[in-house]
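Hi,

Here is the structure I promised to pass along.

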Amino acid sequence: MTLKKLSCLERSSSKTRRRKSQKKPLWNDAMSWEEKLADVVTPLWRKSYDEQLELKQKHQENILSQLCGCLSGDFLSHSSPPVRSKLTFPVLPILPSPVKDGYRNKSTFSVNRGVDGNPKTVGFYVGTGSGRNIVCVNGDHLLNMPEKHKQVARCYQDFIRLSSLEPCLLFHTGGHWREVTVRTNAEGRTMAIVYFHPQMLSPEEIAVHKAELVDYFIRGPGSVCQLDSLFFQESTMTRCTHEDSPYQLLHGQPHIHEEVLGFKFRISADAFFQVNQTAAQVLYGTVRDLCVPNVKEGGERHTLLDVCCGTGAIGITISPRVDRIIGIELIEQAVEDARHNATLNNVLNCEFIPGKAEAVLPGLISQFSSAGLTAVVNPARAGLHHHVIRALRNQPAISRLVYVSCKPDGEAMRNFRELCCAPDTQKKLTGRAFSPTLAVPVDMFPHTLHCELVLLFER
């Protein structure tokens, strides 16, 4: 390399460093820690709710216009820049959350150094690990948290500050007390799950601290929380499933229950359930109406294929409108919960199958007749595996597909394209293409940038 080129590279690198060093800080120094945290957890908190809904509506329409642009050019390349086009199908006005403040039924509070440097502070993070500037800030002011969650967090902070054990801030540096998760239902029932790193403690030593935890929350100052369930999980990883490390019930009931659209659902310590119960009723009602829009006495009945069914909420709430429901779910504990929920509600037309959808679907789908099959998919942010999309698209009996996405501008966009592109033998997408015909945004998360999108595809 010549000296001249080297000099150019050095100048370029120097400019890059200056730009990085001159980058504006994320927050104004005059802002309080409470404001900084609110901007992280609830970034729309300064806006009125009508302004929030308007912003989310525009964002969803922009995403869907990119989908229309992709489909008009009929390409699937991830490397192609997003192209916006005029919407070719209706996008209904966003459906608001019936409850705007304190709507969360599940919150997880972290433990780390607080503003005052105390490592036994319970709250939420401001800053990043990579930036080495994490501060744990109390969340009492956050609009989306109910008072009961904040109360449990305050008591847990009081408890660990009384404890002789140190908190576990980094796994390799020792310490024991980790985060606490609080779950509540519409009836006010409360479940707390405490996560604990055993390090080198013996089972007998851990038992002493579990007893202290129970005593504090059941007979001591924490009894003000009136916990219905207190769980304890010994965890040496960031996230452990029940199979990896069982949830230990230290006090109370093993489950709480929630009701949606007249159906009851059992919620175990690690079960997935929508974090906004009132908005979940709006979401599931919308999904139900799009899956089975016209129910007439003596009319044609359908089979519903529920992919990524979780604990069965979508299928069970739709069950009165269809002849048969088949749910597929990867997590076996969720399948057990789904089966229990069907029995709990005396729903006899639901069948839940454990396994990867891409493995189960191809063999299952060949059993169906040539008509009357509707599919609903509600995947995680990573979207559906290509093999699942292929199986859905290549099954001619499916004429209607409802896709529920919490992040439509992510991997779900790839799914949308593969459902709707021209037949592609190389990708084994040989079935007739679907077309998006209706979109309904549902605001599940007031004060945040997120919302759910329900998208109807037909062919």
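Predicted model: local features only at pLDDT ≥ 70, side-chain atom pairs only at ≥ 80, totals over all residues.

Now the overall picture. The protein chain has eleven helices and 16 strands. Of its 459 residues, 50% count as buried. If you take the contacts between residues at least 6 apart in sequence, 66% of them join residues at least 24 apart.

Back to the charges. Side chains of opposite charge can pair when their charged atoms come close. The count here comes to 16 salt bridges. One I'd look at is Asp 140 with Arg 154, where the side chains meet at 3.1 Å, N to O. Asp 140 sits in the loop between β3 (135-137) and α4 (147-162), while Arg 154 belongs to helix α4, so this pair ties together parts that lie 14 residues apart in sequence. Both ends are partly exposed: Asp 140 has a relative accessible area of 31%, and Arg 154 has 34%. This pair also belongs to a network of salt bridges that links Asp 140, Glu 147 and Arg 154.

Another salt bridge is between sequence neighbours, Arg 288 and Asp 289, whose closest N and O atoms are 3.6 Å apart. Asp 289 is partly exposed, at 36% relative accessible area.

Next, a helix pair. Helix α10 (residues 386-393) and helix α11 (residues 412-420) have axes that come within 10 Å and cross at roughly 30°. Angles under 35 degrees count as roughly parallel, which is why α10 is described as roughly parallel to α11. The crossing is right-handed. On the α10 side, the contact is made by His 386, Ile 389 and Arg 393; on the α11 side, by Arg 414, Asn 415, Glu 418, Leu 419 and Cys 420. Sorted by class, that contact has three nonpolar, two polar and three charged residues.

Finally, two glycines in loops. Gly 188 is in the loop between β4 (177-184) and β5 (190-196), and is partly exposed at 40% relative accessible area. What does Gly 188 touch, leaving aside its neighbours within four places in sequence? The answer is Lys 148 and Asp 228. Asp 228 is 40 residues away along the chain, yet the two C-alpha atoms are separated by 9.5 Å.

The other one, Gly 117, is in the loop between β1 (106-112) and β2 (121-126). At 38% relative accessibility, Gly 117 is partly exposed as well. Gly 117 and Val 135 are 18 residues apart in sequence, with a C-alpha to C-alpha distance of 8.4 Å.

Cheers

How values were computed
Residues numbered from 1 in each chain as written. Heavy atoms only, no water. Axes fitted to C-alpha atoms, helices over the stretch in contact; angles between N-to-C directions. Helix = DSSP H or I, 4+ residues; strand = E, 2+ residues; numbered from the N terminus. Parallel < 35°, antiparallel > 145°, perpendicular 65-115°, else oblique. Left-handed = near helix turned anticlockwise from the far one by under 90°. Contact = heavy atoms within 4.5 Å. Nonpolar A, V, L, I, M, F, W, Y, C, P; charged D, E, K, R; others polar. Buried < 20%, exposed > 50% of the residue type's maximum accessible area, 1.4 Å probe, protein only. Salt bridge = Lys/Arg side-chain N within 4 Å of Asp/Glu carboxyl O.
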